[in-house]
Amino acid sequence: MKKLLLTLLFLLPFIAFAQVGNTGSNENQGNSQNNNQNSGQPNSQNNNANPYSNPYQSNPYDRNPYVDQNQQNNGNFFDKGKNQKQGNQSNKSQTNTNENNQNNPDRNPLNFQDMNNTNAQDQALRELYKNDPEYLKYLETNRQNAEVKYMDVDSSDKEMRKVYGADFFNNNSFDLSDKAPSAPPLDYRLGPGDELIVALWNAGELQKSYTIAKDGSIFPQLVGKIYVQGLTLDAASKLIATKFRKVVPENTSVDVQLGKSRTIRVTIVGEVKKPGTYTISAFNTALYALYRAGGITDIGSLRQIQINRDGRTVDEIDLYKYLEKNAQTTEIYLEDNDFIKVGIYDKKVNAAGEFKRPMYYQLREEETLYDLVQLAGGPKFNARNSMIQIKTVGNEEERLINLDGKKYIDAVGTADLVLKDGDVITLKPINEGLKNTVKIEGGVNYPDDYEVKAGEKLSKLLERAGGISANAYLPRAYIFRGSNNLESDAIKVDISELDKNGDIPLFSGDRVKILSQKDFEQQYQIEVIGYVRKPGKVIYYKNLKLKDALLLSGGLRLDAENGRLEISNIVDSVNNYNIRTNGSSVKIVSINSNLQLDEESDNIILKPLDRVYVRRKSEFLTQERVTILGEVAYPGEYVLVDKNEKLSSLVKRSGGINSTAFSEGSKLIRNRVGPVVIDLPGAMQKIGGKQDIILRDSDVIIIPPVNDIVSVRGEVQQPVNIKYDKDNSAITYYINSAGGYGDRPWRSRVNVKYLNGRIKNTKNFLFFHFYPKVKPGSLVTVPRKPEKENKTKFSELFTYSLSAITTLATLLVLSKSLSK
């Protein structure tokens, strides 16, 4: 069996090779038979003479995709009997075309890929070789190469390298969609393949369609040939109407409309993303054809796109003219077999810095620096127009050229410079900051920045600032002059003696400071604390009274103790230049709660830094609330009836404990303290006893329902939750239910935590352990016994001992040798 498998593996490649060879021979044989049949089929109608026949009258595109084939084959009122003749001539024309393509390989359409059929061909290949690993590997390699080729660069680098007009075919600023054939443009010229619909009514009624033949004519029977190629639809309509009126009744109305437009094949070569041959409507221009080709590549020229027809250039497109306002030129319409050629750009330069549109620009060979400035929108408002820097390459080295920018920006023709590919043209910004201002601040009516003129003096600036304010300090003003504080000069000025001592000239950048009397005033405050409506600090002013301070603080609250206000004082006297104190003193006063009627507070004068304390009435009690939850008759929120209400009282007010309650597990949670361990059964058993705790505001009491589950955790074989057995309250029963102790149980530290939060530990005496009892809802914890850190290994002890003995023996030998 093994030998048979090896033999099959050896012969498999030869069998596959033979099968491929047979398939290819069969296909070739079939093709040859088809060719023989086609060549042997006679064309009996080619020799028929027709004096009115036109060898170019058949559609040169084999068929019009916009015309219904059934309609084309039907008889025509004016063209009876012509369909068969035109069909014969079409076969002959097709045969001649094939022969010409074979004789002239440059004109062979197989040399130009038809992009309309590319997707279908690729799909067929993928379907045929979908299981071939080599073909799948080939497809993956092509995909990766395409991703590398068109991979997006970093966003910042992409922005910096953006070329003006490069996104012309992607930014949707221009309508590059396929033109609808229903409404031809006014300047559209008719040509072979266009369909014209002629309608007659009134005296005679008829509607027929005619396709323009290759010689540019339509041939209505009884009317004769009418040449319309190159005419607009309006001109062709008038001509056709004139011809028809010669053979129809006098009152017949004639109307001509364009039915289906012709299609043309256009070849696009050069620097486009998808070069090839495209079939498009004749209404379209070169821009739509380039749009179909995916736009222009990174190195393609945006400025010189050639349209070639019959071996000569009939038009050249400059996309920058479409991008500039009011600069669009009239496009010519494409014709069949036109070539659109996109070459490589002549030169690309970078307009950087303070241009209105800093970008890369493609320039034609003859365009100059002035042309670039215009394309870039000119300089921005903050550009330094006096200098343009050009970074260029010459003699295999980079050079920097500085030019007078005004010669290239302000006027045309004053100076010009032809740029080179790769040049970087930079406009630098001007330095920021105002250069002709002075600043005045302080004791003037309108402090601000003001323009300063040459020779202007201080008195003029004071006048423009609205004059000196009423509280200005005149004996000393300052003029700060200099670039920074360390180097500034402070010029001292007496404003009151300005006329006498001489006015002072000002310079750009000066800062004038007029002092104010308020600059020397120190603001003091008094503070009102306690039971007023707006407690806080009040600005002190001279002769401020207690009544004023209380009114400014919103007045006394209803629960304020008006019979005992405390005023704390530390300042004895104060003025603008001195403050004195004789130590702290406290004064207690009694006033009327109605400040409007009170006279006492109106006679007490406060001093700076005084503090007024307003206490709460001692007999006034706020409502203190507690909450009881869980297994009581009426759980919820309750108000304490007095300051010393206890736990048992609250339980009775809530309807007592339910029969389903587990009172031993009750908890109390106190604000800012946390859980508090309580003994609710003890409190209820002995009311007023030590377990009957006094409640406080915001206390929460939780009485849980019966919980008969005991949890065992820690150093046991398997942690478990087990039902409480009232006949077995010993802790060992529940540890054994968890499989017994684990590897390192710390038996002397076993503890039990009860539902009320209380924790009981094991009591130990010599080698005896007295474990706590287990209750419903308990948590039994067996800690892990830690390992001893100072445990000495035998090997280490032996090593230390041997080292000590060796050292001792050495010392003995040395001592004996020294004694000799």
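Helices (H or I, at least four residues) and strands (E, at least two) are DSSP runs, numbered from the N terminus. By this definition, the chain has 18 helices and 39 strands, and Thr-277 lies in one of these strands, E7. This is a predicted model, in which local features need pLDDT of at least 70 and side-chain atom pairs count only at pLDDT 80 or more, while totals for chains, interfaces and linings use all residues. Residues are numbered from 1 along each chain as its sequence is written, and side-chain values use heavy atoms, with hydrogens and water left out.

**The chain as a whole**

- Of the 820 residues in the chain, 33% are buried; buried means under 20% relative accessible area, exposed over 50%, and partly exposed in between (1.4 Å probe, protein chains only).
- Among contacts between residues at least 6 apart in sequence, 61% join residues at least 24 apart, where contact means heavy atoms within 4.5 Å.

**A five-stranded sheet**

- Five strands make up an open sheet with mixed pairing, in the order E7-E6-E10-E8-E9; two strands pair if DSSP finds at least two bridges between them.
- Strand E7 (276-281) and strand E9 (312-317) are the edge strands, each pairing on one side only.
- From one strand to the next, the twist averages 30°; axes are lines fitted to C-alpha atoms, for helices over the stretch in contact, and angles run from 0 to 180 degrees between N-to-C directions.
- Strand E6 (residues 263-270) runs antiparallel to E7, and six bridges join the two.
- Within this pairing, Thr-267 stands opposite Thr-277 in E7.
- The side chains of Thr-277 and Thr-267 are also joined by a polar contact of 3.2 Å; such a contact is a pair of N or O atoms within 3.5 Å, and within protein one must be able to donate a hydrogen and the other to accept it, with residues adjacent in sequence counting only if both atoms are side-chain atoms.
- Thr-277 has a relative accessible area of 5% and is therefore buried.

**Nonpolar cores**

- In soluble globular proteins, nonpolar side chains tend to be buried together.
- The largest nonpolar core here has 71 residues, and Leu-319 and Leu-369 have the most contacts inside it; a nonpolar core is a set of buried Ala, Val, Leu, Ile, Met, Phe, Trp, Tyr and Cys residues joined through side-chain atoms within 4.5 Å.
- Helix H8 (residues 286-292) supplies the largest share of this core, five residues.
- Not counting residues up to four places away in sequence, Leu-369 touches Ile-388, Ile-390, Leu-403, Tyr-408, Asp-416, Leu-417, Leu-419 and Ile-425.
- A second, separate core of 21 residues includes Ala-549, Ile-604, Val-612 and Val-614.

**Salt bridges**

- The structure holds 28 salt bridges, each defined as a side-chain nitrogen of Lys or Arg within 4 Å of a carboxyl oxygen of Asp or Glu.
- Asp-338 forms a salt bridge with Arg-309, with the closest N and O atoms 2.8 Å apart.
- This pair links distant parts of the chain, 29 residues apart: Asp-338 is in the loop between helix H9 (319-323) and strand E10 (339-344), and Arg-309 is in strand E8 (residues 300-309).
- Asp-338 is buried, with a relative accessible area of 0%, and Arg-309 also counts as buried, at 14%.
- Glu-645 and Arg-653 meet through their side chains in a salt bridge of 2.7 Å, N to O.
- In that pair, Glu-645 counts as buried at 3% relative accessibility, whereas Arg-653 counts as partly exposed at 31%.
- A network of salt bridges links Arg-303, Glu-316, Asp-318, Arg-364, Glu-366 and Glu-367.

**A hairpin and a buried asparagine**

- Strand E30 (residues 667-670) and strand E31 (residues 674-677) run antiparallel and are joined by four bridges.
- Lys-667 stands opposite Val-677 in E31.
- E30 and E31 form a hairpin with three residues between them, and Arg-672 in the turn has a positive phi of about 70°.
- Asn-569 is found in strand E23 (residues 560-569) and counts as buried at 16% relative accessibility.
- The side chain of Asn-569 reaches the backbone oxygen of Val-571 at 3.1 Å.
- Asn-569 also touches Gly-583, Ser-584, Ser-585, Lys-607 and Asp-610, not counting residues up to four places away in sequence.
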